[in-house]
Amino acid sequence: MAAPRDTVDNPLRKTPSQTRALRTVDTLFEAATRILASEGEAGFTTNRIAERAGFSIGTLYQYFPSKEAIVVALVRRHRDRVLRELDVMLDRCVAGEYGAEHALRMYLRHIVDAFGRGQKAQRLLARLGWQLDAPAAIVAAMDDGAERIRCALARLDDPELPVPDAPTLYMLTRAVIGAVRSAAVEESAMLDDPRFEEALFRMVWGLMHRPAGRA
């Protein structure tokens, strides 16, 4: 499955602005996700998506030039939602609702869930999206996530959890996302193994945590 350059730069043929158009795109997204979950990549065609959504193929093509464009748009939509949810978690930690260790565990659990723990559709999206999405968009998303973490740690101002330097933060974000994405792309059982999540936690916590009295 290969996508043309304009598909990854701008997957939507036109941006929906009115309520009806937004509902149409949401319905197409829902239909595409259900097909990925029930039929896999083999059943993922524009005709099948339009049929499942209850629209004509012409309606689908008003918004998406291809099935590849739908995948890219779905991946970016999902990524944006995950980042918003992670922001809420970070804000709650800074506000003192729970400690940093608990916040990190929740953060990592959310990342693993986002890549499809127990969800066939999300795992397929991770695999197809990595093949199709623009490298610049993927890097920008990881840099954005790293900056959100850096800002949250600065606001937390905990001497036992200082803001990592740029190389450490870069390495940690790439290591976590790389490991989780690899598990999804390889269709590995790791995503459903609690030891995988625990290993991610130990790696991140071990590099970031500075117990009191430690130089």
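**Ground rules**

I am working with a predicted model, where local features need pLDDT of at least 70, side-chain atom pairs count only at pLDDT 80 or more, and totals for chains, interfaces and linings use all residues. I number residues from 1 along each chain as its sequence is written, and side-chain values use heavy atoms, with hydrogens and water left out.

**Entry 1: the whole chain**

I looked up the elements and found 10 helices and 0 strands. Helices here are DSSP runs of H or I with at least four residues, strands are runs of E with at least two, and both are numbered from the N terminus. Read from the N terminus, the order is α-α-α-α-α-α-α-α-α-α.

Next I checked burial. Of the 215 residues in the chain, 46% are buried. Buried means under 20% relative accessible area, exposed means over 50%, and partly exposed is in between, with a 1.4 Å probe and protein chains only.

Then I checked contacts, meaning heavy atoms within 4.5 Å. I took those with a separation of 6 or more, and 71% of them join residues 24 or more positions apart.

**Entry 2: H2 against H3**

How far apart are the axes of H2 and H3? I found 8 Å, with a packing angle of about 115°. Axes are lines fitted to C-alpha atoms, for helices over the stretch in contact, and angles run from 0 to 180 degrees between N-to-C directions. H2 and H3 are therefore roughly perpendicular. That word covers 65 to 115 degrees; under 35 is roughly parallel, over 145 roughly antiparallel, and the rest oblique.

I also noted that H2 passes H3 in a right-handed crossing. Right-handed means that the near helix is turned clockwise from the far one by less than a right angle, and left-handed means anticlockwise.

H2 brings Thr27, Leu28, Ala31, Ala32, Arg34, Ile35, Ser38 and Glu39 to this contact, and H3 brings Arg48, Ile49, Arg52 and Ala53. I sorted these residues by class and got 6 nonpolar, 2 polar and 4 charged. Nonpolar covers Ala, Val, Leu, Ile, Met, Phe, Trp, Tyr, Cys and Pro; charged covers Asp, Glu, Lys and Arg; the others, Gly among them, are polar.

**Entry 3: H2 against H5**

I stayed with H2, residues 19-39, and turned to H5, residues 67-94. Their axes are 11 Å apart, and the angle is about 100°. H2 and H5 are therefore also roughly perpendicular to each other. On the H2 side I listed Asp26, Phe29, Ala32 and Thr33; on the H5 side, Ile70, Ala73, Leu74 and Arg77. The classes here are 5 nonpolar, 1 polar and 2 charged.

**Entry 4: Phe44**

Is Phe44 buried or exposed? Phe44 sits in the loop between H2 and H3. Its relative accessible area is 0%, so I wrote down buried. Beyond neighbours within four places in sequence, Phe44 contacts Ala32, Ile35, Leu36, Ile49, Lys67, Ile70 and Val71. I checked Val71 separately: it is 27 residues from Phe44 in sequence, and the C-alpha atoms are 9.9 Å apart.

**Entry 5: two residues of H9**

Thr173 is in H9, residues 166-185. Thr173 is buried, at 10% relative accessible area. Which backbone oxygen does its side chain reach at 3.0 Å? I found that of Leu169. The backbone oxygen of Tyr170 also lies 3.0 Å from a polar atom of the Thr173 side chain. Leaving aside neighbours within four places, Thr173 touches Ala146 and Ile149.

I noted 16% relative accessible area, so Arg181 counts as buried. Its contacts, not counting residues up to four places away, are Phe115 and Trp130. Arg127 is 54 residues away along the chain, with 7.9 Å between its C-alpha atom and that of Arg181.

**Entry 6: positive phi**

Most residues other than glycine have a negative phi. I looked for positive values and noted two residues. Asp157 has a phi near 55°. Asp157 lies in the loop between H8 and H9, and is exposed at 62%. Glu187 has a positive phi of about 55°. Glu187 lies in the loop between H9 and H10, and is exposed at 59%.

Methods. A polar contact is a pair of N or O atoms within 3.5 Å; within protein, one must be able to donate a hydrogen and the other to accept it, and residues adjacent in sequence count only if both atoms are side-chain atoms.
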